[in-house]
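Here is my note on this structure, point by point. Please read it with the model open.

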Amino acid sequence: MRALTVKGVRIDDTFAEAFGMRATAVIITADSIRWARQAALTMAGFATSVIGCGCEAGIDGDLTPAQTPDRRPGVRVLLFAMSTAELQKQLQTRVAQCVLTSPGSACYAGLDGGEALRLGNALRYFGDGWQISKRFGSKHYWRIPVMDGEFVCEATTGLTKQAVGGGNLLIMGRTAPATLAAAEAATAAIAKVPDTITPFPGGIVRSGSKVGSKYKGVPASTNHAFCPTLRGAVETALDPDAACVLEIVIDGLTSDAVAVAMAAGIAAVIKLGPKRGAVRISAGNYGGKLGPHHYHLRGLLP
Amino acid sequence: MRPLVLTLRGRPDQRLDLAPLVPHRLVGMTAAEIERIELQTTRRRVVLADIFRLQMGDAATIRIEASCDRLDRIGQEMTDGEITVEGNIGVRAGRLMSGGRLTVRGSVGPWAASGMKGGTIEIFGDAGDRLGGPIAGETAGMRGGVVVVHGAVGERAGDRMRRGTIVVEGDAGSYAGSRMIAGTLVVAGRSGPLAGYLMKRGTIVLGRTADGLSPTFIDCGVHDLVTTRLMADFIGGYSARAARLFRRSLRRFAGDMATLGKGEIFSRT
């Protein structure tokens, strides 16, 4: 399966298998970038995997005042879910509990066109009759009186059905610190790719899973083939020199964005090299039968 | 592309109804057909060729030159395209317009933009009374679009306005924004007494301090709101002078409490 070695890092001849998802985006602004990020982080909290959180969410990137509708610093947040109904529910509850509540915040559509998801149209009822509708050109905003002034929220945001979830890289190293350094380099590179997020903590997963379990009713369990402490006891996927595996999961608004992000991640790991970082890169798949999107590592090399 | 040009031969001896001269009606007509369009408002029949010299061109862009205040209903029910007028015009310019652009390099009479639904009207001179307002029997005035007046406006600008934006760079007469249902009215100059009289909802922004407001407007204090940034950004695309009003914190008055009371007037502190 091992195809080639680039600058001392072994790249498996395999592919990441990913699924179609529904996604949306919002722009959160505040008086300072610190508070825009705070609202965004809170909204994207507990949104690592659709399996347990209902959606996957993360910060796409910071926006300068020139890039936001109200000319204040802002952050773009992406949200991914398996159905339009679930995406609508997650968007509504998360903006209501995490953005509406955050000091000085405002919330705008981060995606144009396509079907619309209710944003301010759903939250306006918090105004208890004192909410104000404003239309400027093609834009429709709701102003909801709150204790620090007004919460301004665009009426709707866009939905895309072209989104992809589950692009991934498995990064293997000789020590845990070196592997973490490689994974951090990869997530830092991926963070710069627009229209993508890495929903896990800091963009990194240490508990990769497989489908199913020996226990009834448990849908996913630890990916034992990649657990270094079980090497020897089970049929392992690890080489003798691997002591740690970290995974990066990537969601993107388009399939191309996921491919660009994976390529950026691989390039960053290779650039760090096997001495300071990872010795091998692989990717997770289910044999190619479950997900329609396949990203072959071979085609993503720098 | 060459515009279709209509040059007024002289001041007409009756008021004329120019409602038929809108791009979507003229596109596809020949010069001879256009010259036979009737424009009279009295029993004496007048066709276009009696009044204007026609220079044929693409009717999506119409220019009316040497205009005078007896030309009424220019751009009425216009849906797209562009009309540019050199000179003053009469009543109901751009009434019920739903798209396109009407530019007047002169002044307009009363009821300009009356019941307008969409598009843009820019008036370089002054506008008469009831800019955007309803005519008798109608329940709502302007319902969408943008009107920019670089000069002054008469009484009751934005009367019964429901949606859309009116920007007045000069002064406004009394009762600006009277009976507003919603929408946005900005007056950068001085406004007459009783602005926002009986307004239900909507936003009025006044460039001068709000003297002469009805006592049924309640002072809500001075605020620096995100909404005013959005307004400034949108209005700045039409009038830099009006957008300057939003650079500072504004005092908010809620009213008119003599009716629903969910409207607001912002004014300089």
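**Notes on domains, helices and the chain contact**

1. Within chain A, 12 residues of domain 1 touch 14 residues of domain 2. Contact means that C-beta atoms, placed from the backbone, lie within 7 Å. On the domain 1 side, eight residues are nonpolar, two polar and two charged. Nonpolar covers Ala, Val, Leu, Ile, Met, Phe, Trp, Tyr, Cys and Pro; charged covers Asp, Glu, Lys and Arg; the others, Gly among them, are polar.

2. This is a predicted model, where local features need pLDDT of at least 70 and side-chain atom pairs count only at pLDDT 80 or more, while totals for chains, interfaces and linings use all residues. Residues are numbered from 1 along each chain as its sequence is written, with chains lettered from A and ligands numbered from 1 in the order in which they are written.

3. Domain 1 of chain A spans 2-18 + 163-300, and domain 2 spans 22-160. These bounds come from an automatic or database domain assignment. The two domain centres, taken over C-alpha atoms, are 30 Å apart.

4. Helix H1 (residues 33-43) and helix H3 (residues 84-99) of chain A pack at about 135°, with axes 9 Å apart. Helices are DSSP runs of H or I, at least four residues; strands are runs of E, at least two; both are numbered from the N terminus. Axes are lines fitted to C-alpha atoms over the stretch in contact, and angles run from 0 to 180 degrees between N-to-C directions.

5. Chain A gives 13 residues to the contact and chain B gives 10 residues. Strands S8 (132-136), S9 (139-146) and S10 (149-154) of chain A each supply at least two residues of the chain A side. That side has five nonpolar, two polar and six charged residues.

How values were computed. Two residues are in contact if their C-beta atoms, placed from the backbone, lie within 7 Å.
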